[in-house]
Amino acid sequence: MNYRARMRALREDRDLKQKDVARVINKSQQGYSHIEEGRAELKIDDLIRLCDFYGVSSDFMIGRSETEEKEKTKKNKKNKKNIEKG
């Protein structure tokens, strides 16, 4: 599932209108509609806002994961330790 379909599914699952979600990313309803329909691209900052708003990971939003919830995995913890070591 691509991110546009994911955006629409999340919005509809929560019984929200396009104008409601558009406010979250400071867009008009029409601007948001253009993103969902593929006539405009979603900016990274807006992707982050939507992920925070819905409580999902960016991997889920862009279709790289089927797990909706944000997760802190052992792998993420291991990566953080490796970064801290330098």
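## Overall layout

Helices (H or I, at least four residues) and strands (E, at least two) are DSSP runs, numbered from the N terminus. From the N terminus on, the elements of the protein chain run α-α-α-α-α-α. That gives 6 helices and 0 strands.

This is a predicted model, in which local features need pLDDT of at least 70, side-chain atom pairs count only at pLDDT 80 or more, and totals for chains, interfaces and linings use all residues. Residues are numbered from 1 along each chain as its sequence is written, and side-chain values use heavy atoms, with hydrogens and water left out.

## Confidence

pLDDT is the predictor's confidence in each residue, from 0 to 100. The protein chain averages 87, and 79% of the residues score at least 70. Residues 72-80 stay under 50. For this stretch the model has 1 contact (heavy atoms within 4.5 Å) beyond four places in sequence. Where pLDDT is low, the predicted coordinates should not be read in detail.

## Helix H4

Of the 86 residues of the protein chain, 30% count as buried. Buried means under 20% relative accessible area, exposed over 50%, and partly exposed in between (1.4 Å probe, protein chains only). In H4, the buried residues are Asp46, Leu47, Leu50, Cys51 and Tyr54. Seen down the helix axis, they fall within an arc of 140 degrees, so they line one face of H4. The arc is that of the directions from the helix axis to the C-beta atoms.

That buried side packs against helix H1 (3-13), helix H2 (18-24) and helix H5 (58-61). The face turned away from it carries the exposed residues Asp45 and Asp52. After H4 comes glycine 55, with a positive phi near 70 degrees.

## Aspartate 46

Aspartate 46 sits in H4, which spans residues 44-54. Its relative accessible area is 4%, so aspartate 46 is buried. Leaving out residues up to four places away in sequence, aspartate 46 touches Ile25 and Lys27. Its side chain makes a polar contact of 3.3 Å with that of lysine 27. Such a contact is a pair of N or O atoms within 3.5 Å; within protein, one must be able to donate a hydrogen and the other to accept it, and residues adjacent in sequence count only if both atoms are side-chain atoms.

## The nonpolar core

A nonpolar core is a set of buried Ala, Val, Leu, Ile, Met, Phe, Trp, Tyr and Cys residues joined through side-chain atoms within 4.5 Å. The largest one has 16 residues, and Met7, Leu42, Leu50, Tyr54, Val56 and Met61 touch the most other members. H4 gives the most to this core, with 4 residues.
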